[in-house]
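Please open the structure in your viewer and keep the selection tool at hand.

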Amino acid sequence: MEAQREWLEKDYYKILGVDESASEVEITKAYRKLAKKLHPDANPGDTSAEDQFKEVSAAYDVIGNEATRQSYDEVRRLGPIGAGGFPGGGFSGQTGGFRVNFNGQEISDLLGGMFGGGRSRRPHRGDDLETELNLDFAAAVFGTTATVTVYGDASCESCGGSGAAKGTKPVKCSECAGSGMVEESQGHFLLSRPCGSCGGRGHRIKKPCSDCGGRGGRQRAREITARIPAGVSNGQRIRLKRKGALGENGGPPGDLYVLVRVRPHELFKREGKNVTLAVPVTFAEAALGADVKVPTLNGGAVTIRIPAGTSTGKRLKVSLNGSKSSDLIIVVDVEVPNALTDAQKQAVQAYADATQINPRAHLNV
């Protein structure tokens, strides 16, 4: 959205009833409340409400968008042009007009952008991109190196991003002397506009690259190698700096965010950074103690000792080979048989007759 002169006259924050430091959520909430109250459907025939509704909508169109809100705030910060110029401004006594400087930045360049004159095509950071990566359970625990494919604007491989054909280079624009801007007089002010010869780039390409047409980048698929740290969890986003979309006019690329999806395992579970495994044991193994073989994530097996007198829910820690930050937690599950032979029943009854301990004595019943 191009900046409008009315931005200097209207306080959109006041119209929406929010503070200038309000968050996007607060601005949206205020707008929806007012829009519902002032909507023409809710106020048939009320021209005043209709005018207010239009004003509220116009305010939200500007400050409800982060990019236009920044431009609006900048316009309001500079204030209207009056006799004597801006606070902190200085005059340079040039023939045909004067040049105003505000906080080290020439106002002629700012005004050129605010009121239709355009602005120099300075370097702009590329957009951030996002892609998904599906990982096996073990790979997420131990960490891995994976390749993700991203489709979008990327630096042209043929010209290296210069936009010029092989063997040639962009040359400085003679019209604007490489600044990308030319000045024109409007009354007492010297306003800037993008150079028509170079399109505001500051350079011209005599022989464009045949692959990208002089853009310096083109849409293509890229394979990017990403180092996935050990212990990554399902839904976690990993940031790869400067692996996103190509920047404009020499600006840096954006970032790439890799959204990790971890496939569940049929036996193992995650508990924070650790891995858990439920291991069933018999009553005899739990009571007398036993050596039990359990599987590991790397496809092997390890033997653990079940101490005598172990009860259901007992947790035993085992070092997880291949991971410095995770442990394997064995959760013991004592299985009670639901079908006994006569001999087994007699054996259990003999145990019960020989047991003098009441595990419910603390209940006092």
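The tour begins with the basis of the model, then visits helices, nonpolar cores and salt bridges.

This is a predicted model, in which local features need pLDDT of at least 70 and side-chain atom pairs count only at pLDDT 80 or more, while totals for chains, interfaces and linings use all residues. Residues are numbered from 1 along each chain as its sequence is written, and side-chain values use heavy atoms, with hydrogens and water left out.

**First stop: helix H2**

Select residues 24-38, which form helix H2. Helices (H or I, at least four residues) and strands (E, at least two) are DSSP runs, numbered from the N terminus. H2 has 15 residues and reaches 21 Å from its first C-alpha to its last, close to the 21 Å expected at 1.5 Å a residue; the expected span is 1.5 Å times one less than the number of residues.

Next, colour Ile27, Thr28, Ala30, Tyr31, Ala35 and Leu38, the buried residues of H2. Buried means under 20% relative accessible area, exposed over 50%, and partly exposed in between (1.4 Å probe, protein chains only). Seen down the axis of H2, these buried residues fall within an arc of 165 degrees, so they line one face of the helix; the arc is that of the directions from the helix axis to the C-beta atoms. Turn to the other side of H2 to find Val25, Lys29, Arg32, Lys33, Lys36 and Lys37 exposed.

Which helices do the buried residues of H2 pack against? They pack against helix H1 (12-16), helix H3 (47-63) and helix H4 (66-78).

**Second stop: helix H4**

Select H4, where Thr68, Arg69, Tyr72, Val75 and Leu78 are buried. At the start of H4, a side-chain oxygen of Asn65 reaches to within 3.1 Å of the backbone nitrogen of Thr68.

In soluble globular proteins, nonpolar side chains tend to be buried together. A nonpolar core is a set of buried Ala, Val, Leu, Ile, Met, Phe, Trp, Tyr and Cys residues joined through side-chain atoms within 4.5 Å. Select Ile228, Val275, Val281, Val292, Ile304, Leu328 and Ile330, which have the most contacts inside the largest nonpolar core, a set of 37 residues. Apart from it lies another core, of 19 residues, among them Val18, Tyr31, Ala49 and Ala59.

Now centre on Val281. Leaving aside neighbours within four places in sequence, Val281 is in contact (heavy atoms within 4.5 Å) with Ala286, Val292, Ile306, Val332, Asp333, Val334 and Glu335.

**Fourth stop: the salt bridges**

A salt bridge is a side-chain nitrogen of Lys or Arg within 4 Å of a carboxyl oxygen of Asp or Glu. By this rule the count comes to 10 salt bridges.

Select Arg125 and Asp255, whose closest N and O atoms are 3.1 Å apart in a salt bridge. The pair links distant parts of the chain, 130 residues apart: Arg125 lies in the loop between helix H5 (107-114) and strand E3 (129-135), and Asp255 in the loop between strand E10 (237-240) and strand E11 (256-262). Arg125 is partly exposed at 43% relative accessibility, whereas Asp255 is buried at 4%.

Finally, select Arg315 and Glu271, whose side chains meet in a salt bridge (2.4 Å, N to O). Arg315 belongs to strand E16 (residues 315-319) and Glu271 to strand E12 (residues 268-271), 44 residues apart.

How values were computed:
A polar contact is a pair of N or O atoms within 3.5 Å; within protein, one must be able to donate a hydrogen and the other to accept it, and residues adjacent in sequence count only if both atoms are side-chain atoms.
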